[in-house]
Amino acid sequence: MRHSIIVVFLSLFLMAYQALAAERGALFKVTNAQHTLYLYGTIHAGKPDYYPLEPRIGKAVAAAPTLVLEVDTASNPDAVAAAFREHGLFPAGSPGYAGLPAERRKRLEAAMKRQGIDPAGVAQLKPWVLATMLAVGDMNKLGVDPALGVDLHLASLARGKSRIVELESVQYQAALMNRLPIDIQWRLLEETLDNMASGRQLREGRELFDAYERADRKAFDAIARRVEADDSVSGKFMREVVLVERNGPMADKLAALLARENNAVAAVGLMHLLGKQGVPELLRQRGLQVERVY
């Protein structure tokens with residue numbers, strides 16, 4: 001009898017430990033007087049061992065009438081291609097990066113080759129796209145794959161079972177990135193090259209993924225403080241446009257959804273949930289109850 005009790009106790013302990021160990025990112029429970037919404041911070045690349053997701057997320061998505069994503073890229077590849085053509089390419093006849101001074105051009109080409117990118121194949125890409133490609137190449141060094149992104153995984157779980165709603169569109173996101181004047185885009189690309197050369201880009205990427213994998217609140221707070229203090233071209237653009245400008249409309253749409261229905265799940269990039277101007281804090285300011293689950 002005693003042996004059976006010990007076995008049961010150990011089994012329960014291991015189950016609890018496994019559930020705790022699987023907590024990744026950040027999970028919030030948002031409520032008004034009648035309804036509940038679960039807000040989950042995702043990351044746009046992943047590893048095979050991220051899945052299956054922590055049980056509370058899996059159950060919430062399975063029971064959700066609606067899954068909310070920033071964008072559902074898999075639902076309309078034609079829209080993705082159209083947005084890229086409009087906002088990611090120089091017009092025909094433009095020299096693209098070939099028009100840069102020789103030293104800057106050679107530096108960029110060397111960086112692309114190190115990332116396995118053929119310079120001749122990307123000659124017409126705008127600087128923000130090149131910077132993104134180089135950043136993705138650095139992330140690959142961390143063993144993560146954009147095809148295994150958490151938002152893509154959640155969409156695959158919900159598709160055909162729940163309604164999938166987009167907070168934004170691919171067209172909007174591409175236009176946002178292309179808003180920077182071309183000369184500033186070139187400066188952003190130069191900063192990317194500097195950060196790659198110094199190891200900063202890889203180091204900060206590793207910090208973000210490590211924090212996500214541990215659901216580490218202290219590390220998230222440190223990342224938020226770093227973003228708030230970064231006054232580089234790329235840092236200010238990330239803070240003021242990519243995050244803060246988008247967080248308010250996201251919070252408004254989530255509050256409206258919560259007023260209409262119960263048990264929806266919203267999954268947005270983790271960085272949108274951090275800091276004093278993150279979506280959870282904005283939802284609190286809109287009079288909603290926001291509980292940090294982890």
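Good morning. I begin with the second largest pocket, which has a volume of about 230 Å³. A pocket here is an open set of points on a 1 Å grid over the protein atoms alone, where a 1.4 Å probe fits, with protein on both sides within 12 Å along at least five of seven lines. Thirteen residues line the second largest pocket, and the closest to its centre are F28, D221, L273, G275 and R292; a lining residue has an atom within 4 Å of a point. Two or more lining residues come from each of β1 (26–31), α10 and α12 (279–285). By class, the lining has six nonpolar residues, one polar and six charged.

The model is predicted: local features need pLDDT of at least 70 and side-chain atom pairs pLDDT 80 or more, while totals for chains, interfaces and linings use all residues. Residues are numbered from 1 along each chain, and side-chain values use heavy atoms, without hydrogens or water.

I turn now to helix α10 and its partner. The axes of α9 (residues 200–214) and α10 (residues 217–229) come within 9 Å and cross at roughly 145°, on a scale from 0 to 180 degrees between N-to-C directions. In contact, meaning heavy atoms within 4.5 Å, E204, E207, L208, A211, Y212 and R214 of α9 meet A219, F220, I223 and R226 of α10. This contact has six nonpolar, no polar and four charged residues.

Finally, the whole chain. It has 12 helices and six strands, taken as DSSP runs of at least four residues (H or I) and at least two (E) respectively. The C-alpha atoms fill a box of roughly 80 × 45 × 40 Å along the principal axes.

How values were computed: Nonpolar A, V, L, I, M, F, W, Y, C, P; charged D, E, K, R; others polar. Points joined across faces, edges and corners; volume = space filled by probe spheres on them.
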